[in-house]
Amino acid sequence: MPRPPDEICAECGKVIKRGIANLVGGRILCTPCKRKARREENERIAYESLKHVTQSFHSKIAGTSHEGRQSIVRYCNRGESLVLIRNPNNRFSRNAIAIYNLSGKNLGWVTEDSAETITPIIDAGGLAWATVTERTGGHGHKKHYGVNIEIFYIIEPPSDWIERQNAIIKSILEKRSGCLASILMLAFFRF
Ligand SMILES: [Zn+2]
């Protein structure tokens, strides 16, 4: 019985010992490359199946105790809708996303951790928004109010969702006075 010959991995070029090559999608791969290919395929399938689905995770608003925001934050209600406005020109963080209520008041920012997840999605044309899940503090040792939120996002939203979101953002920026609004507007709108 002749032994099968050594083969070359089509991905990394390594020589694969005879008899243990893997055939994946018509290509001969070594075992690490096969695992990587499987993992990438699973990620691609997950992305494809979820890109039109609204996903969410829990977070909180950062910066609620700065710039007089406590007087706004204390009136937050559970279930209240919040608008996330990307500010790519922020000088402290390139992932900066400001959080507004529908009256156009700034409540703070998306936390760094959460912004890392959301920013690439927004910058690639996705949508993100949030609702208040709980207002915290305001009594006992915790006099400062905080706001827990749920952040929702969709990677490839329907176009009418984008139009609606842009209309909301525009109205919020118009409620704000002066040049800051136009700076934000210029920074945000890509068209
Ligand atoms: Zn390989």
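Trainee: What makes you speak of domain 1 and domain 2 in this chain?

Mentor: In this predicted model, the domain assignment of the chain gives residues 7-50 as domain 1 and residues 55-175 as domain 2, and the C-alpha centres of domain 1 and domain 2 lie 41 Å apart.

Trainee: Why are β6 and β7 called paired, and in which sense do they run?

Mentor: Pairing requires at least two bridges between the strands; β6 and β7 have five bridges, in the antiparallel sense, so they count as paired. One of the residues involved is Val 83, whose bridge partner in β7 is Tyr 100.

Trainee: What is the order of the strands in the barrel?

Mentor: Six strands close into the barrel in the order β5-β8-β7-β6-β9-β10, with antiparallel pairing, and neighbouring strands of this sheet are turned by 40 degrees against each other on average, direction ignored.

Trainee: Which strands does α3 lie across?

Mentor: Helix α3 lies across β5, β6, β7, β8, β9 and β10, running at about 35 degrees to β10, while α4 packs on the sheet, touching β6, β7 and β9, with its direction at about 85 degrees to that of β6.

Trainee: Which residues of the largest nonpolar core touch the most other members?

Mentor: They are Leu 82, Leu 84, Ile 99 and Val 110, out of 29 residues in that core; the elements that each supply at least two residues include β5, β6, α3 and α4.

Trainee: How do you know that Ile 99 and Ala 130 are in contact?

Mentor: Contact means C-beta atoms within 7 Å, and, leaving aside neighbours within four places in sequence, the residues in contact with Ile 99 include Ala 130, Leu 82, Leu 84 and Val 110.

Key: Residues are numbered from 1 along each chain as its sequence is written. This is a predicted model: local features need pLDDT of at least 70, side-chain atom pairs count only at pLDDT 80 or more; totals for chains, interfaces and linings use all residues. A nonpolar core is a set of buried Ala, Val, Leu, Ile, Met, Phe, Trp, Tyr and Cys residues joined through C-beta atoms within 7 Å. A residue is buried if 20 or more other C-beta atoms lie within 10 Å of its own, exposed if 12 or fewer, and partly exposed in between; C-beta atoms are placed from the backbone. Helices (H or I, at least four residues) and strands (E, at least two) are DSSP runs, numbered from the N terminus. Two residues are in contact if their C-beta atoms, placed from the backbone, lie within 7 Å. Domain bounds come from an automatic or database domain assignment. Axes are lines fitted to C-alpha atoms, for helices over the stretch in contact, and angles run from 0 to 180 degrees between N-to-C directions.
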